[in-house]
Amino acid sequence: MHHDLDLINIIAVGLGLAFIFGMIANKLRFSPLVGYLIAGVIVGPYSPGFVADQELAHQLSEIGVMLLMFGVGLHFSLDDLLKVKTIAIPGALAQISVATVLGCGLALLMGWSWIEGFVFGLALSTASTVVLLRAMEDRRLLDTMRGKIAVGWLIVEDLAMVLALVILPALAAALGTTSELAETRSFIDILATIGWTLLKVTAFVIIMLLVGKRIIPWTLERVAITGSRELFTLSVLAIALGVAFGAAMLFGVSFALGAFFAGMLLNESELSQKAANDSLPLRDAFAVLFFVSVGMLFDPHILIQHPFMVLATLLTIIVGKSVVAYFIVRAFRYPQSTALTISVSLAQIGEFSFILAGLGFSLKLLPETGRDLILAGALLSIIANPFLFAWLDRWISKHPQGEAPDPEAMAQAPETPLLDFGDHAIIIGYGQVGNELARVLCDRNIPLVVIDDNSDHVSRAHAAGIPAICGSSTSEKVLAEARPDLAKIAILAIPQPIEAGETLSKLRAMNPAITLLTRAHSDAEVRYFLEHGADGTVMAERELAYSLAEMVMATPPFRYKERNDTTSNNTAKSDGNETSTIGTSDAAA
C-alpha cells in the first residue's frame, strides 16, 4: 500500500464531495458553487475528520485559476462590450469605486490599515460571472438589453480585476508586508514600483500582440490538420498553461494575466470554439478544485465569533453594491426593471473575490479575518441571490409597465423573423446538423423554429430568415416559447445525450402527440432516447456507413459484381423453383 497519496486523496475526495454537495445545491435551486465551497469546508482544517493537504490544494487551485482565467479570455467579447459601452464602462467603474470605498470604510471601522481596506473593498466590488450567467440563462435574459448590460458590466469588472491582480504584487513590493514598513516608504517609491510593474506588463502585452497573435492561431491550425483530437486538446492546454508560466517567469506577470491573454488571443482563431469545447472538461474539473480549495480556507467559526462583521460585509455586498448600481442605471435613463435587474445581478461576489482574497492574504495585504469575511460574504450572498431574483420576478409580473421597451434597446436589437405557430417543426440545435436540416425543411416550405443556446448560432439563423430562440432546451420557459403544444414534430440535433434526454421528457409532457426525433452515436444512446420518449433515432455513424456502402456499390467494379451476383441469385432461385415444380409433378404422376 502506497503512503504518498495526498494528491490522489484531495482529487478523489474533493471531487467526490463537490459532486454530492453540488447536486444538493442544484436541487435546492442554489448555485453549485455553494456545494463546492461546502465540500471544501468539510475537508478543510476547521472541520473534524479527513483533512486534505492544504499546500497541494493551493497548487491545484493555482491551476484552476489559470484555466478559469483562460476560459474568461476565451469568451471575452469586445463586441458585446461595445454594444453597451455607454453604460457598462462608466457604470461598472463607478460601481467598483463606490463599493471599494464602502468596503474600505468598513475595514477602517474594524481597525484595519488603509491598504487592507482597499484590498477588502476591491474584493467586495466584483460579482461572480458563473452565478450571474446562470440566473440570466434561467430567465431568458441574456439576449435582452438588461442581459447585455449585465454581461458588459461584468466584462468591465473582470478587466478591472485582471488589472488589480497586476497592481497588488507591485503594491506589496512597494509597501512591504507590514503596516509599519508601509509608513516608511515614500509615495515616489510606490509609484516607481507600480510603474516598473506596468512597464513589464506592457512589454508582455506588446510581445503577445505582435508574436502570440500570429503564433498561437498558426500552431492550432497546424495541429488541427493532423486530425488528432488528443493532440489538439493537448495543444490548447499547453498554450494556456505555457503562456501563463512564461509570463510569470519572464515578465513577473501573474499566472492569471498570462492565461487570460492566451485565451483572448486564441479567441481570434477560427478554431476558438473547438478549443473551448475540447478544454472545457478539464477547465471545469480544475475550477471545481479551485472552489474546493477556497472552501478549505474558510473558518466557519467566524460566523459565531464575529457575526456583526459578517452581517456588515453581507449588507455591503447585497445592499451597498445594489443601491449604487440601481442609481447609476437610473441616471442613464434606463427603465426601472433594467436598474433592478442589474442591481440584483451584482448583489453577490464570487471567483475573482476569492482570487483577490487569496492573493491579498499571501502578500500580507489582507488579514486572515478579512479573507474569512470575504468567503463568508460570498457564500451567503450566492445563497441569497436566487431569492432576490425570485422577488424581482414577482415585482416585474406585478409591474408590467416596468418592462417598457427601451429606445436604445430597440435601435440595437436585430430583426427577428416571425412565425405563425401551428403545425410547425422545432429544431433543437443549429450546429452543422441543425443548419443543414433547417435549410432542407425551408426549401420544402415547412414552417420551423430553432432553439440553440449559442447566440452566434441564433444570429446566423435570423440572418437566414429562420425564427430562433436563444436558450437551453432543458429550460421549460425556453421550450414553451417555441410552442411545442402546437407543433407537429421536434428534431433534436444536439450531440449532448443527457441534455437531449431531459428535453425529450419535457417535450413529451408538454405535448403527448408530438413526434420526437433525435440523433444518437451508440446503441446505448438509442435505448436511452427511446426510454425518454423519442419516436425515432438516427445513429450518425451507422447512416454514414450505409451511405458510403451504397456509394461503393455504385462504382465499378463493384457495380458489375453486384449485378452479376444478383443475376446468379435469380438463376439459382429459378432453378430451385423448377426442380421443386418437377419434383411435385413427378410425385403427382
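In this predicted model, the largest nonpolar core gathers 100 residues, and Phe120 and Phe204 are the members that touch the most others. Helix H13, spanning residues 272-297, is the element that gives the most to this core, contributing 11 residues. In soluble globular proteins, nonpolar side chains tend to be buried together.

Another core, of 32 residues, lies apart from the largest one; Met145, Val329, Ile342 and Phe389 are among its members.

Turning to helix packing, the pair H1 (residues 6-27) and H3 (residues 54-74) can be described as follows. Their axes come within 10 Å and cross at roughly 65°, and the crossing is right-handed. On the H1 side the contact is made by Asp6, Leu7, Ile10 and Ile11, while H3 supplies Leu56, Ala57 and Leu60. Sorted by class, this contact of H1 with H3 comprises 6 nonpolar residues, 1 charged residue and no polar ones.

Finally, the cysteines deserve a word. A search of the whole structure finds 0 disulfides. Cys470 counts as buried because its relative accessibility is 9%, under the 20% limit. Cys442, by contrast, has a relative accessibility of 31%, which lies between the 20% and 50% limits, and therefore counts as partly exposed.

Note on methods:
Residues numbered from 1 in each chain as written. Predicted model: local features only at pLDDT ≥ 70, side-chain atom pairs only at ≥ 80, totals over all residues. Heavy atoms only, no water. Disulfide = S-S within 2.5 Å. Buried < 20%, exposed > 50% of the residue type's maximum accessible area, 1.4 Å probe, protein only. Axes fitted to C-alpha atoms, helices over the stretch in contact; angles between N-to-C directions. Helix = DSSP H or I, 4+ residues; strand = E, 2+ residues; numbered from the N terminus. Left-handed = near helix turned anticlockwise from the far one by under 90°. Contact = heavy atoms within 4.5 Å. Nonpolar A, V, L, I, M, F, W, Y, C, P; charged D, E, K, R; others polar. Core = buried A, V, L, I, M, F, W, Y, C linked by side-chain atoms within 4.5 Å.
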